[in-house]
Amino acid sequence: MSQHDEHHDTSWSANLEGPDHAASRDLLIEEAVEAVERTATGTHVNLVTHGDHGHPEAYLYPLLRERFDDVTVEYVDQCGCGGYVTRVHV
């Protein structure tokens, strides 16, 4: 089972900071949505997004809130490397 197929029953972090994520905002968004889908109710996933796309509040938060009725999205912090950490409670 690959990391992308695994269902998470506890809180976890999804690393969306790779070179492929830097090159494609669409890929980053797709994998962020998949991470939320694989997160069990009552837990959260930390989405660590690449800094090249700017603050995820501008492009990711509205999409997640529209797609998932039962999640809360909160900004946690900016990493020293420039990426952003967003916590999505499912």
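1. Is Tyr-84 buried or exposed? Tyr-84 is buried, because its relative accessible area is 12% and buried means under 20%, exposed over 50% and partly exposed in between, with a 1.4 Å probe and protein chains only. Tyr-75, at 37% relative accessibility, counts as partly exposed.

2. A note on the source: this is a predicted model, in which local features need pLDDT of at least 70 and side-chain atom pairs count only at pLDDT 80 or more, while totals for chains, interfaces and linings use all residues. Residues are numbered from 1 along each chain as its sequence is written, and side-chain values use heavy atoms, without hydrogens and water.

3. The search of the whole structure gives one aromatic pair. Tyr-75 and Tyr-84 form this pair, with 6.4 Å centre to centre and 50° between the planes, and it is tilted. Rings of Phe, Tyr and Trp (its six-membered ring) pair if their centres lie within 6.5 Å; planes under 30 degrees apart are stacked, over 60 edge-to-face, and the rest tilted.

4. The protein chain has three helices and four strands, in the order β-α-α-β-α-β-β from the N terminus. Helices (H or I, at least four residues) and strands (E, at least two) are DSSP runs, numbered from the N terminus.

5. Of the 90 residues in the protein chain, 42% are buried. Among contacts (heavy atoms within 4.5 Å) between residues at least 6 apart in sequence, 64% join residues at least 24 apart.

6. The C-alpha atoms of the protein chain fill a box of roughly 30 × 30 × 25 Å along the principal axes.
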